[in-house]
Every structure is written in C-alpha cells, then in structure tokens.
Amino acid sequence: MKSDFALTTPRLYLRPYKNADLLDLVDAVRESTASLSPWLTWCTPDYNQHDAHSWIHASAQNWLYDVSYEFAVFSRHNDAFCGSVSLNNLSSLVNSAELGYWIRSLTQRQGIATEACLAVSRFAFEQLGLTRLEIVTHTGNLASQRTALACHAKFECTARNRIMMHTQPIDGILFSLIPSDLASAKIPSALKVSQP
C-alpha cells in the first residue's frame, strides 16, 4: 500500500514513519521506559538510534508489502511526536488484525490513545475492508484496557498463554472491535484520510 497519506483528527495527525522521526522516536521511548517497559519488552533505557532506524526501515517494508501498518502519532498543535498505533497480525482468512498502541509518558492520560485508535480503526474498516480488530493487553495493563473500552471494544475473555513475554507465554485480556461498534463511538467529525 502507498504510504503517502495521513489520518487527521481534531488534535492529531497520524502517518507512516519516516527517517526524520528517528530522534523523536528514541527520545519518546527513553522517556517512557518506566511506564511502558512492563508491557513492551523492546522499551528499554538503552533503546538507541540503531534500534529506531531498524524499526522505521522494517515499518516501511511492512507498508510496502501490506504486512502491517504502523502509524506515528503527532500533535496538530505543535507537531510533537506522541506515540504509535499499529495494525499487525493481519489475517486474510478471518479478515482481521490486531490493534496495538503506545503513548509516550508526556502525553499519557489525555485521551490521545483513544483518539488515535479510533482513527486507525476507521482506517482498518473503511480503507482496508477488515471486519474485526483484536486488542490484546497484559492482565495488569489497566491503561490499555481503559483505552480499549473507550474505543467501544468489547471484552471477550482472558486468553490463556496469549502473550509472549521474555520467551514465556502469559495470559492476555482480549477485546474485539467490529465496524458496528464504531457507530456508538464518538468519532471526531474532522477525521479524514488525506493524500498529498
């Protein structure tokens, strides 16, 4: 898929990663290790420019071959990098994907994850034609669970051995989101897909 477009909401714009995002990504990860490292094994204090470059390159390849879709999230107010939302584990067999997200520490608890996830969910359903998204969180990650519920995702179950953490399987909380769920969500009216 072409990656030369952006999703916009009242407060945010989301677009595929670019090489120019490298330093912002490193700063955001290092700043956020205390809040994110319990859930994201790659989020460590020694995350560096090489790690960020590898991620950005892999993300570009994922977009090119429709493997997954990673969005960098920015504030429309000041262009500050806020975090990331992704669609991964795409399955043509069941026409679904997983929705993942993280927000840097400085911009947490402002509804940014919810706003960004709603934008990407709409992209998934309207642009990609998917019919189901899954959100899987650690059992103790209450912030991610609150975001899933704020997006009108439905709790389905505690899935046994659903997450691999440091090579060990652990349980995960599974939520699902389908197109009709967005009808009851407050989708920002300014949400749009724009192409240059």
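**Criteria and conclusions**

Author: I178 has a relative accessible area of 33% and is therefore partly exposed. The model is predicted, so local features need pLDDT of at least 70 and side-chain atom pairs count only at pLDDT 80 or more, while totals for chains, interfaces and linings use all residues. Residues are numbered from 1 along each chain as its sequence is written, and side-chain values use heavy atoms, with hydrogens and water left out.

Reader: Where does I178 lie, and which residues does I178 touch?

Author: I178 belongs to the loop between β8 and α6 (179-183); helices (H or I, at least four residues) and strands (E, at least two) are DSSP runs numbered from the N terminus. Not counting residues up to four places away in sequence, I178 touches F125, T131 and R132, where contact means heavy atoms within 4.5 Å. I178 and R132 are 46 residues apart along the chain, yet their C-alpha atoms are separated by 4.8 Å.

Reader: Why is A52 called buried?

Author: The relative accessible area of A52 is 0%, and A52 is therefore buried. A52 sits in helix α3 (residues 49-64). Leaving aside neighbours within four places in sequence, A52 is in contact with L22, L25, V26 and Y47. Of these, L22 is 30 residues away from A52 in sequence and 5.7 Å away in space, C-alpha to C-alpha.

Reader: What class does the relative accessibility give to D66 and to R109?

Author: D66, at 38%, counts as partly exposed, whereas R109, at 79%, counts as exposed. D66 is in the loop between α3 and β3, and R109 is in the loop between β5 and α4. D66 is not a glycine but has a positive phi of about 55 degrees; R109, also a residue other than glycine, has a positive phi near 65 degrees.

Reader: What makes a set of residues a nonpolar core, and which residues have the most contacts inside the largest one?

Author: A nonpolar core is a set of buried Ala, Val, Leu, Ile, Met, Phe, Trp, Tyr and Cys residues joined through side-chain atoms within 4.5 Å. The largest has 35 residues, and L14 and F71 have the most contacts inside it. Elements that each supply at least two residues of this core include β2 (12-16), β3 (69-75) and α4 (112-127). The most comes from α4, with 10 residues. Beyond residues up to four places away in sequence, L14 touches several residues, among them F71, A116, A119 and V120. There is also a second, separate core of 16 residues, which includes V26, V29, A72 and F81.

Reader: How do you know that the radius of gyration agrees with that of a compact globule?

Author: A compact globule of 196 residues would have a radius of gyration near 16 Å, and the chain has 16 Å, so the two agree. The radius is taken over C-alpha atoms, and the globule rule is 2.2 Å times the number of residues to the power 0.38. The C-alpha atoms fill a box of roughly 45 × 40 × 35 Å along the principal axes. Buried residues make up 46% of the 196 residues, and the secondary structure comprises six helices and nine strands.

Key:
Buried < 20%, exposed > 50% of the residue type's maximum accessible area, 1.4 Å probe, protein only.
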